[in-house]
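Hi,

Here is the structure I promised to pass on. Have a look at it first, and then read on for what turned up.

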Amino acid sequence: MIRVGVFVCWCGSNIAGTVDVGKVAEEAARIPGVVHVEQNKYTCSDPGQDSIRKAIKEHRLDRVVVAACSPRMHENTFRKCAASAGLNPYLVEMANIREHCSWVHSDMSVSTPKAVDIVRRAVAKVKRCVPLHPSTIPVEKRALVIGGGIAGIQAALDIAEAGYDVTVVEREPTIGGRMAQLDKTFPTLDCSSCILTPKMVDAASHPGIRILTYAEVEEISGYVGNFEVRVRKRARSVDEARCTACGICILKCPTSRDSEFNMGLGTRKAIYMPFPQAVPNKPTIDREICRHFTAGKCGICQKVCPSGAVDFSQEDQVLTEKFGAVVAATGATQFSVEVYGEYGYGRYPDVITGLELERLISSTGPTDGKIRRPSDGKIPKTVVFIKCVGSRDENKGYPYCSKACCMYTAKHAILLKEKIPSASAYVFYMDVRAGGKDYEEFYKRSQEMGTRYVRGRVSRIYPLDGKLIVQGEDTLLGERVEVEADLVVLAAAMVPQPDAPEMARKLGISYNQYGFFSEAHPKLRPVETNTAGVFLAGTCQGPKDIPETVAQASAAAAKVISLFAKSELSTNPNVASVDESLCSGCLWCSNVCPYKAIEEKIITERAGKETVTRTVASVNTGLCQGCGACTVACRDGAMNLLGFTNEQILAEVEALCL
Amino acid sequence: MSLDWQPKIVGFTCNWCSYAGADLAGTSRMSYPASVRIIRVPCSGRINPVFVIRAFQRGADGVLVAGCHPGDCHYSTGNMYARRRFLIARRFMEYLGMDPARLEIHWISASEGQKFQEVIKNMTDRIHAMGPNRKMREIL
Amino acid sequence: MNDLREQLKEAVASAFSQGRVRSFVCLERGFYPFATMPAILHSGSDADRVEIGLADAPLLAKYLLDMPKPAGIVVRSCDALGVSRLIRDRRVKREDLYIISISCPGVVDTAKIPMSMHRITALEKAGDALIVHTALGPTELPWSSVLLDRCLACVSGAASTDADVVLDDGRGKPPAPVDYSEIDEVEHMAPDERYAMWEKEFAKCIRCFACRNACPACSCRKCSLDLPEPEWLSRAVILPEQFMFHFTRAYHVAGRCVGCGECERACPVGLPLMKLNRKFTRDIETLFGVDDARIPRDVEVLGTFLPDDPEEFC
């Protein structure tokens, strides 16, 4: 027999002031199944909780209703309280007679009957509660970091330092990412390589870190603590163990193409290292252009290699491994500025993007660090910078602010002045956003060095006598502006990787309308995702500068570490559950599951004299978050949500409509 | 129908947004008619349109279905399914002769205590003007 | 017509002789010589029993559920969608089926022939007419006046191409536009008038569940409406429960109804069930931009969404 105890809370005068609690208690006692009712001034206080514990024992209560505040406030309190008296914590239900009743109705003649209804609902539900037990799942204490840019490197180092194994998967032949392409970093102007490459080496030499370059994640299944990941490591055509990185193969290779690392401003060979400090410091053969692969000829690199490391027959390797947590650090890319026809990018070689300028400034770049115009190699005297190219533009680009461009443009202007003191710089801007430590000062410094900031947009750029005529408007002065420039630099927005949605699907996470991965909560859970065990670091989540990226990477690492610090995870017991005797196995439920938590399962059963097998749905309780969308998709009523069952909800409706 | 007749509204709210929105109306002491009785579910995607029919059968004069705004679902997409389901289910109820004003669907976020208050006020006023529901109802 | 039947017999016989099937569901001669009923064959030697089904032909898809596999089936275009529905609902596997599709000019509803069944000796289709033979001589009736309701709503009688054998004699019902005027009529009624109409209709319902049992989209092993707990539907045959039943049944097939009309044909009290089903079908097509919502798809309409799905809530 079910024995429900109802505890009506006064909450001082918060409830008792506008609800006749005596009457509520009196009515509650009449509800079938209720064997004990008491009132407390403050049920959540120690004496209040003690009286619940005492009543559970004295009256052999097997269900508890606390008519008090919102369950969002104290459900946990009372569950723990019941558990300490030996009752399963999921046999407690709250009747919210404060937030939903006493605080919004002042007339006792309406609030009291409403409170009674609310208690009736809670009793109806609690009578259909069953004991639930969180299950535990083991944790594979190895982390996967997808992306080997600064975010991935930082996350990997932090996790490995805590003593856990990390695998970094990077699709390029080297780690380093975007930061490796930069020359100097704002606002301190320290050299990007000088601060990045030591970290790359640290990561590569760390005993807890394994780096898989030229590799991509193909599939992720499983759930927090137990992901199964398939990685394809593409054939490098070079035996990494034998190669001594002497570089003679690169020197002798007859085929070349535009260098991706140098943003197409220089060339690289078919066998190449993206940049000299690449990690691993081993060349890769680009099979798309290598003559051995395209024409079946050549093979010079193999001939000249002193250690016999070139291996044309190497094949892709597919690895399937288990990980407990995943950090997505897949980065961002640059907006395709060609859509701004008025700027002439692609038509005029001296209109370049910010990243291209980085390569021109960099001493490892195609011009050995001398800023020269791409068209004729001349040193530019006048440089125009245009900000917000592709960002803050709903028509041609994206509405969001790309965040780092204001500062990197200020940096470019400063570096220009340092390299070419006689040069003059113009910056066309919409607003200057310099929020950040030492950022405003840095921007001011660029102004003090003589950079002229023109508020307004550029309407047209056209070539004239070896110059680029930049026409725009100074909206502060209300004047037309025309600058004869030698070089124009477009501050292209950071945009999501083109395959970000595909990666999001593999990870089972959501992404916003642009393709940036979505965090679980914008303020309170900024590095978690809605899929437990998957964390975000860096620009895959939104535009960011380096300090912010590194901070987020460390935060993601901290989340991974705290996950791994547990020997096992306990799961929310309010999950979907299948009655296999009812399930027809249509699996339409799995369609609506946001967590890919429903799988098919083959069961064997007796049907008359025969043994037959059939398919049913099966819920992976590690993945299920308990939303219940599947229960409505299920027509035969086989799918139910523990804690919010069909029986319970129908009984609640019944109780409220009495 | 007596003058002080109060409609009975059953409200299905998701735990994360709309239930919290109703809580906020409470903590902000925003008063509204005592017509609504709330059933808490994790997500609007958990609300079966059949529950709504059951409420009308058993004597509800109105039913409120409330969830997170599209795009803000705690479970990322539950309310999107709810939106489809209730779009066609509500039209179908209307087709059976129910007044569609008796079933309202609203997106109420955890910060919209005021919206919750307004929804209940307006819904109560409308249903009050219509009088008790007699359609699909068991006992009058 | 006979040609098609001969071809069908041959195809059924060879399905057995090639070992493609262990059983075969088709039509055979019924109680009245001109009507047909379902038959499950277990051997190729039974192939002679196979009939095309000029009159009163029931749909066969749901018989597949309990037949020994691999199972064969003869389908018209309406039945083909039902089979497809069962496949999408994973109630049968395509690889366990051997499908022969035939073209269909429509099926005669003998209830629409204005004479006693006992007097009819034979039925014959001749062009656009049905010739009813009796002891007193033949009578001609316009073909469209005697067709089953579902045939009147049929969009095309051509043989379905998703089959192992396609038998099309080119005499299938010609393609016709989809017609939702009966839904419009109900929608144009005043709410109270509409409610009164449904109340009147549902009052006839005896809750025999024939509609559910005939429906290829209602194939659950155990129907939730039969469960004692939770009691989605009570045993009481009272109007509120009738509304509950008909709402639930129609909602459960919303976006899944193939429009075959077998529910309506099976209903012993003549409820206009397709008026319920097709309301959902039409709304789904217009609201969610689905082209012909009767066709079973890999993802259910209610199992997906678009970020900018319409909203019309207060």
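First, a term: a salt bridge here is a side-chain nitrogen of Lys or Arg within 4 Å of a carboxyl oxygen of Asp or Glu. Keep in mind that this is a predicted model, where local features need pLDDT of at least 70 and side-chain atom pairs count only at pLDDT 80 or more, while totals for chains, interfaces and linings use all residues. Residues are numbered from 1 along each chain as its sequence is written, chains are lettered from A and ligands numbered from 1 in the order in which they are written, and side-chain values use heavy atoms, with hydrogens and water left out.

Over all chains, the search of the whole structure gives 85 salt bridges. Six of them cross the interface of chain C and chain B. One salt bridge joins B:Arg58 to C:Glu241, at 3.8 Å from N to O.

That interface involves 44 residues from chain C and 37 residues from chain B, with contact meaning heavy atoms within 4.5 Å. About 3,900 Å² is buried between the two chains, and carbon and sulfur atoms give 65% of that. (Buried area is the accessible area, with a 1.4 Å probe, that two parts lose on being put together, summed over both.) On the side of chain C that touches chain B there are 29 nonpolar, three polar and twelve charged residues. For these classes, Ala, Val, Leu, Ile, Met, Phe, Trp, Tyr, Cys and Pro count as nonpolar, Asp, Glu, Lys and Arg as charged, and the others, Gly among them, as polar.

Now for a pair within chain C: C:Asp184 and C:Arg282 form a salt bridge at 3.0 Å, N to O. It links distant parts of the chain, 98 residues apart, with C:Asp184 in helix H4 (residues 181–188) and C:Arg282 in helix H9 (residues 273–288). Helices are DSSP runs (H or I, at least four residues), numbered from the N terminus. C:Arg282 is buried at 13% relative accessible area, whereas C:Asp184 is partly exposed at 29%. The cut-offs are under 20% for buried and over 50% for exposed, with partly exposed in between (1.4 Å probe, protein chains only).

Chain A has a contrasting case to look at. A:Glu26 and A:Arg30 form a salt bridge, with their closest N and O atoms 4.0 Å apart. Both sit in helix H2 (residues 21–30) of chain A, four residues apart, or about one turn of the helix. A:Arg30 is exposed at 57% relative accessibility, and A:Glu26 is partly exposed at 44%.

Cheers

Technical notes
Helices (H or I, at least four residues) and strands (E, at least two) are DSSP runs, numbered from the N terminus.
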